[in-house]
Amino acid sequence: MTQVWLNGAFLDEKDAWLSIADRGFTLADGIFETLLGVGEKPVWLPEHLRRLREGASVLALSVDFDDRALESAVTGLLRENRFPRSAVRITLTRGPAIKRGLWVAEKVMPTLLMTCAPTATLGVPQRVVIARSTKRNEYSPLSQIKSLNYGDNILARREALVRGATDALMLNTRSHAVCATVGNLFARVEGEWVTPPVNDGILPGIARAKILGQISAREASLTEADLRSVDAAFISNSLGCYDIIEIEGRKLPPCIDEEPVAALYETP
């Protein structure tokens with residue numbers, strides 16, 4: 001039975017219960033982090049805990065455990081579940097509300113849940129389309145944190161699947177291409193690697209920050225015209241990198257193996 005960690009205690013997943021009044025469930029009032037575990041070692045854990053606290057600050061959420069306790073929980077979860085490679089998800093919500101309403105003045109007890117699942121070593125190549133059903137709001141503070149509100153990403157992914165692709169590239173309100181549904185975008189334009197800037201409405205990805213210097217990428221807005229002329233592209237997130245082998249039906253060559261990025265994921 002898979003083990004989880006809930007509010008300070010390790011439990012079998014069947015014994016972990018959440019309140020039906022939890023605001024993460026009723027209002028998506030919370031944040032999350034997903035990080036890679038290699039054996040019993042979490043990858044980039046300090047960066048993930050820092051971003052968790054930054055996101056919590058944006059939503060005025062309380063994190064009732066210090067970093068040492070959270071690190072112990074993550075490593076304990078990896079040790080208990082014994083997967084060769086794991087996806088660890090840390091979910092923080094405002095907790096169960098005492099009464100209905102969009103905002104609660106009284107203090108509630110936050111919910112902090114960690115789960116662990118096996119994940120593959122190699123990323124699956126992606127065939128992407130440009131999402132037309134929704135856009136990313138670069139003016140919202142939520143665009144730069146790991147909010148539980150993933151509605152736009154879900155719409156874009158559903159559109160991609162309906163159109164026969166595996167993922168979608170999302171545009172912002174200025175029609176700049178900003179990201180995939182679950183990762184940052186890197187595109188090679190005229191031989192130079194480019195990734196959209198944070199003020200275009202992207203999540204400042206932890207893997208993105210590591211890769212930027214590794215491949216000497218520059219930050220610049222990408223237009224749809226740019227996407228039509230890229231000669232290679234990939235998606236990055238904290239679990240790995242994924243070749244984009246097709247954009248709107250135009251074939252692209254795999255490129256991940258040519259770049260020194262895979263080794264980054266083996267470094268805690």
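Colleague: Is Cys 179 buried or exposed?

Modeller: Burial is judged from relative accessible area, with under 20% called buried, over 50% exposed and anything in between partly exposed (1.4 Å probe, protein chains only). Cys 179 has a relative accessible area of 5% and is therefore buried. Bear in mind that this is a predicted model, in which local features need pLDDT of at least 70 and side-chain atom pairs count only at pLDDT 80 or more, while totals for chains, interfaces and linings use all residues. Residues are numbered from 1 along each chain as its sequence is written, and side-chain values use heavy atoms, with hydrogens and water left out.

Colleague: How many disulfides does a search of the whole structure find?

Modeller: A disulfide is taken to be a pair of cysteine sulfur atoms within 2.5 Å, and the search of the whole structure returns 0 of them. Cys 179 is accordingly in no disulfide, the nearest cysteine sulfur being that of Cys 241, 15 Å away. Cys 255 is likewise in no disulfide, and for this residue the nearest cysteine sulfur, again that of Cys 241, is 9.0 Å away. Cys 255 has a relative accessible area of 1%, so it too counts as buried.

Colleague: How far apart are the C-alpha atoms of Asn 153 and Cys 179?

Modeller: They are separated by 10.0 Å, although the two residues are 26 apart along the chain. Asn 153 belongs to helix H4, where helices (H or I, at least four residues) and strands (E, at least two) are DSSP runs numbered from the N terminus. With 9% relative accessibility, Asn 153 is counted as buried.

Colleague: How is a pocket found, and how much space lies in the largest pocket?

Modeller: Rolling a probe the size of a water molecule over the atoms shows where empty space is left. In detail, on a 1 Å grid over the protein atoms alone, a cavity is a set of points where a 1.4 Å probe fits but cannot get out, whereas a pocket is an open set with protein on both sides within 12 Å along at least five of seven lines, and lining residues have an atom within 4 Å of a point. Points are joined across faces, edges and corners, and the volume is the space filled by probe spheres set on them. Here the largest pocket holds about 590 Å³, and of its 32 lining residues the closest to the centre are Arg 136, Tyr 150, Asn 153, Thr 181 and Leu 203. Elements that each supply at least two lining residues include strand E3 (30-38), helix H4 (151-162) and helix H5 (206-214).

Colleague: Which residues lie nearest the centre of the second largest pocket?

Modeller: They are Thr 121, Leu 122, Gly 123, Cys 241 and Ile 256, out of 18 lining residues, in a pocket with about 400 Å³ of space. Strand E14 (residues 240-247) gives the most to this lining, with 4 residues.

Colleague: How many salt bridges does the search find?

Modeller: A salt bridge is a side-chain nitrogen of Lys or Arg within 4 Å of a carboxyl oxygen of Asp or Glu, and 18 are found in the whole structure. In one of them, the side chains of Glu 138 and Arg 174 meet at 3.1 Å, N to O. That pair links distant parts of the chain, with Glu 138 in the loop between strand E7 (126-130) and H4, and Arg 174, 36 residues apart from it, in the loop between strand E8 (167-171) and E9. Glu 138 is buried, at a relative accessible area of 7%, whereas Arg 174, at 40%, is partly exposed.

Colleague: Which residue forms a salt bridge with Arg 188?

Modeller: Asp 231 does, with the closest N and O atoms 2.4 Å apart. Asp 231 sits in the loop between helix H6 (224-229) and E13, while Arg 188 is in strand E10, 43 residues apart in the chain. Asp 231 is partly exposed at 28% relative accessibility, and Arg 188, at 16%, is buried. Elsewhere, salt bridges that share partners join Arg 23, Asp 29 and Arg 94 into one network.
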